[in-house]
Protein chains: 2
Amino acid sequence: MESFLKDAKNSAHKVATLTPKDKNRILNDMADALVLNTKRIITQNQKDLDFAKSNGLSSAMLDRLLLDEKRVNSMANSLREIASLKEPVGRVLEGWINEDNLRIEKVSVPIGVVAVIYESRPNVTSDVGALCFKSGNVAILKGGKEAEYSNKIIATILGEVLEANNLPKEIISLLPDSSREGVAKLIKMDKYVDLVVPRGGEELIKYISANSTIPVVKHDKGLCHTYIHSDADYKKAIDISINAKCHRPGVCNAMETLIIDKKIASDILPKLAEAFGVQGTLLKGDSEVNEIVKMELATEADFDTEYLANTLNIKMVDSVDDAIAHIRRFGSAHSEAIVTENYSVAEYFLNQVDAACVYVNASTRFTDGGVFGFGAEVGISTNKLHARGPMGINELTTYKYKIYGDGQIRA
Amino acid sequence: MESFLKDAKNSAHKVATLTPKDKNRILNDMADALVLNTKRIITQNQKDLDFAKSNGLSSAMLDRLLLDEKRVNSMANSLREIASLKEPVGRVLEGWINEDNLRIEKVSVPIGVVAVIYESRPNVTSDVGALCFKSGNVAILKGGKEAEYSNKIIATILGEVLEANNLPKEIISLLPDSSREGVAKLIKMDKYVDLVVPRGGEELIKYISANSTIPVVKHDKGLCHTYIHSDADYKKAIDISINAKCHRPGVCNAMETLIIDKKIASDILPKLAEAFGVQGTLLKGDSEVNEIVKMELATEADFDTEYLANTLNIKMVDSVDDAIAHIRRFGSAHSEAIVTENYSVAEYFLNQVDAACVYVNASTRFTDGGVFGFGAEVGISTNKLHARGPMGINELTTYKYKIYGDGQIRA
């Protein structure tokens, strides 16, 4: 493992200093190579499918795992899209001249070696590999056991393209030891790895955060709220609430708790209950909500639960401050929204709520790298530091200062 | 400890949402309070001095510890300067409208709760407390045992000003348990603390990096190089080399190794040796250097040493690529410099060398928050993520996205 990581580290400057043209050409070559090797990919993928079937995996899991001609084409197109993104390296983030007449430029540079740990879908291997490559980083990929053969053939094909371009195949490669022990070793290798991005189950993320000596960018839970203020436009409020909860209940930017201002509760709650009824949403309300519309009683534990299902808590509050206090207590600082036509209340909510994304009059479902305009997404960070919220290729860069002098010495 | 940290966390939103005017007024009040309480401070400082003397601390250490009227005034002035810095919170870092016509703004916000661990000089207590306050963060301070009484009285006085302004004194306070066990507990409290900044000895930094579950911004060693290219202007080369090594040999941005291009070595080495001779610098050269000027032979271990003293390694190379390879192998990615008049070589060096600060024709000694124009400095980060290089108050902020909609839902 250590010699592998050493090789990875040593190839970091090679990918970091490739020209944009070369990177994009290689990414397009990789796309072509995936399509050309569709048969090889499908053959290996079949082994994962057979193994999964013999282990009785659900049909949903099998579908996540499956690669056919269409899906390989879509993986290739995703690489072509990543190639077409704006160059993330070398952006001048700031620049100024200091008192000593030094010209100081703060420019984006690759992070170095990025390890990404993820599960099931094999297309993540090519997507994340390509995102790291585009941003000038070495990618160390650790996929799920269930997609072992698929991930291996995809990484091999990308590696073949790298080698055909006189680049070390370590620039995109799978962690050689993908066991638990392998991961345990990896996350202590701060000498060689600059960033670990765990995507997947809560247990895995917790374990890595607690044990890694390498900086971790987490993609943790999303416990998101929508607060309907007394000056809300009812149509917007209902549309946004339904969308935030029901559009895709299983994702991190879906709403878990709807907060309603007491002043309008008797008016809007029945309308909301009707709209959610159409969606088959299981509603749980606090005692005040239950005085207006009867539903299951929401407990403290409910307010602390990320359902990832079509279930919604409803909480009644006296004021925007109460709403904010509830969000501070239970929110995961992912995405929070207010619906209001009141300018001052909107500004107050935007400034008081500390979350990666704070919305006025829009669904929390918009928290997404693609929707934000970042192109392909590495994930959604619940970290406060380095990257917060949707992570695109720019978030796979850090910065350095370039300082241009003409002989200055410090007095 | 946990209830203290909980209180700290709970007061985070109070300091985060203060107006710039209030923050600056309170910082000026704190400055006045320090001056008004000079006597109290000196009395407590005397206890630290007595204890230090009875423990036989060096006179240099005693001087670092000493607070007199002049030094208290200078601490107060430092707070006034911090008050006068440009507001770090609420800067719009980026802003755009996405395809859904959502107006997205990326704005700077406080990090939350910042713990800073440092040694000796008691003025760090007021400086770092004020920097955190200005940037809207709660500061948890852990100073050295040797300055215990001094730190306590300074924190108490700042806390009195906070309370006089109806703010919880937890906004700037000392870690209640400042023992090793206290620190060990603190760095596992990721639930309450958002960032740990260790300043001080290598051992401490290593221990915290290895054991913290909270993100750490390190202020690690500086093993800095200056490369004199064959197209260097000799006067600039010699002035910059002398300044980088001898101006303050004990600091992290001082040069440890001078790299000289073979083409000009026989010409410039004797001149350099003479100039360093005047400065009393102990020179250690590789075998090729020794063929031109006799000096102590530099070993591999020497090239890997941060001397923090007036000692310099000299290495001869065949090319800019050799120089870069040496820097990659031994450098600490802190500050690296090239001296050259050649445009292409300068650009190549700037782009190939990955360090917080890369210089052309200037001394590495300029790596400093004050010199960069950041005002007071939190430190110099050797992290790759979050903050890299000089850290000012802007580096004590993170960001969030504010999203302004008019009823958008995701399709």
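Me: Which surface do the copies meet through?
Reply: The copies meet through the same surface, because 100% of the interface residues of chain A are also interface residues in chain B. Two residues are in contact if their C-beta atoms, placed from the backbone, lie within 7 Å. This is a predicted model, in which local features need pLDDT of at least 70 and side-chain atom pairs count only at pLDDT 80 or more, while totals for chains, interfaces and linings use all residues. Residues are numbered from 1 along each chain as its sequence is written, and chains are lettered from A and ligands numbered from 1 in the order in which they are written.

Me: How many residues does the contact take from each chain?
Reply: It takes 59 residues from chain A and 59 residues from chain B.

Me: Which element gives the most on the side of chain A?
Reply: That is β16(A), with 11 residues on the side that touches chain B. Strands here are DSSP runs (E, at least two residues), numbered from the N terminus.

Me: What does β13(A) pair with?
Reply: β13(A) is joined by 5 bridges to β16 of chain B (residues 397–408), and the two run parallel. Strands pair if DSSP finds at least two bridges between them.

Me: New topic: what rotation superposes chain A on chain B?
Reply: A rotation of 180° with 0.0 Å of shift along its axis does so, with an RMSD of 0.0 Å. The two copies are thus related as by a two-fold rotation axis. The superposition is by least squares on the C-alpha atoms of residues with pLDDT of at least 70 in both copies.

Me: Which residue of chain A comes closest to the axis?
Reply: H386(A) does, with its C-alpha at 2.2 Å.

Technical notes:
Helices (H or I, at least four residues) and strands (E, at least two) are DSSP runs, numbered from the N terminus.
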